[in-house]
Amino acid sequence: MKGMRRLLPLLALALIPFPATAHADGCPPSICGTTSFAPPGSSLFVFPNGRQGPLHVYDLRGGSRRFVLPHGILSADGRAFVSAVPVRGGTRLFRFDPRTGGVRALRTVPGVWSIAVVSADGRRIARFTSGKYAKGTTFTVDDPGRSQAIHLAGSYELESFSPDGRRLFLIHWHRTGSYDLQQYDRTSARLSPTRLDEPDEKMEGQAQGAVQKRDGSWLYTLYAKADGATFVHALNLRTGLAHCIDLPLRGDLSIAG
């Protein structure tokens, strides 16, 4: 894979704020390890059980823990933390301000839902449920003032929104365990492959963790290949064009500190 060297300084800055350790069983830090994020200001955000686990907020000046937020997802700009909490008869959605601990109840929806992704500013939410359909993936996008239900045949994992919210970027999983990257246009209800800047290139590897740029324009995912090589999949969320950047790192990143 040919590197896009003009992006490497940006990648370095984007990846540094997320030091992580993994469990001895090899579970990636993004799923079950400890990660942290220091937004501008005097707070430190710590995820002791993966990036969708509880959020512990510490005071950088005194070192004390200020408060803990429930399971949820932090927006890329660090200004919103969205949680889905089971309640009698459904699920209640909350948006927290992780800087102050302030909370706003967004809505209560019937059924059991989990948060899949949030937009960079935390105003747009994609949530998913399972069990309604024997085959396929069901999720709902909550925009300010409206909701859109989407059902796709097959197994999909949501990665991110485009900055304008029109497109969703997804991982399409096959029964063999292989995958390909797709994008869903919410206006036309059409799926299409995510394009690589080198069309003949085939991307192979296991994702170890992802970082989104604060303005929601790029998603950087670190991948490890079976031979120990590593690369970053840099996805331009505005254009939908992806770039693969080879890294000098080698080894099993799933158990690296």
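Guide: Buried means under 20% relative accessible area, exposed over 50%, and partly exposed in between. The model under discussion is predicted.

Visitor: Is Phe-94 buried or exposed?
Guide: The relative accessible area of Phe-94 is 18%.

Visitor: How many aromatic pairs does a search of the whole structure find, and what is the geometry of Phe-94 with Phe-96?
Guide: The search of the whole structure returns 5 aromatic pairs. Phe-94 and Phe-96 form an aromatic pair with 6.2 Å centre to centre and 35° between the planes. Planes under 30 degrees apart count as stacked and those over 60 as edge-to-face, so the pair of Phe-94 and Phe-96 is classed by definition as tilted.

Visitor: Which class describes the aromatic pair of Trp-218 and Tyr-220?
Guide: The ring centres of Trp-218 and Tyr-220 are 6.1 Å apart. The angle between their planes is 5°, and the cut-off to apply is under 30 degrees. The class of this pair is therefore stacked.

Visitor: What is the relative accessible area of Trp-218, and what is that of Tyr-220?
Guide: Both values fall under the 20% cut-off, so each residue is buried. The value for Trp-218 is 13%, and that for Tyr-220 is 1%.

Visitor: How many salt bridges does a search of the whole structure find?
Guide: Side chains of opposite charge can pair when their charged atoms come close. A search for such salt bridges over the whole structure gives a total of 7.

Visitor: What is the N to O distance between Asp-143 and Arg-124, and how many residues apart are they?
Guide: The side chains of Asp-143 and Arg-124 meet in a salt bridge at 2.5 Å, N to O. Asp-143 belongs to strand E12 (residues 137–143), while Arg-124 is in the loop between strand E10 (114–118) and strand E11 (125–129). The pair thus links distant parts of the chain, at a separation of 19 residues.

Visitor: Where does Arg-186 lie, and with which residue does it form a salt bridge?
Guide: Arg-186 is placed in the loop between strand E16 (179–185) and strand E17 (190–193). Its relative accessibility is 9%, so Arg-186 counts as buried. The salt bridge of Arg-186 has an N to O distance of 2.4 Å, and its partner is Asp-143.

Visitor: Which residues are linked with Asp-143 in a network of salt bridges?
Guide: Asp-143 itself is buried, with a relative accessible area of 7%. The residues linked with Asp-143 in the network are Arg-124, Arg-146 and Arg-186.

Visitor: Over which ring does the charged end of Arg-127 sit?
Guide: Arg-127 forms a salt bridge with Asp-142, the closest N and O atoms being 2.6 Å apart. This pair joins strand E11 to strand E12 across 15 residues, and both residues are buried. The charged end of Arg-127 also sits 4.5 Å from the centre of a ring, that of Trp-113.

Visitor: Which residues does Ser-162 touch, not counting residues up to four places away in sequence?
Guide: Ser-162 is in the loop between strand E14 (155–161) and strand E15 (167–173). With a relative accessible area of 3%, Ser-162 is buried. Beyond those excluded places in sequence, the residues it touches are Arg-167, Phe-169 and Leu-237.

How values were computed: Residues are numbered from 1 along each chain as its sequence is written. This is a predicted model: local features need pLDDT of at least 70, side-chain atom pairs count only at pLDDT 80 or more; totals for chains, interfaces and linings use all residues. Side-chain values use heavy atoms; hydrogens and water are left out. A salt bridge is a side-chain nitrogen of Lys or Arg within 4 Å of a carboxyl oxygen of Asp or Glu. Helices (H or I, at least four residues) and strands (E, at least two) are DSSP runs, numbered from the N terminus. Buried means under 20% relative accessible area, exposed over 50%, partly exposed in between (1.4 Å probe, protein chains only). Rings of Phe, Tyr and Trp (its six-membered ring) pair if their centres lie within 6.5 Å; planes under 30 degrees apart count as stacked, over 60 as edge-to-face and the rest as tilted. A charge sits over a ring if NZ of Lys or CZ of Arg is within 6 Å of the ring centre and within 35 degrees of the ring normal. Contact means heavy atoms within 4.5 Å.
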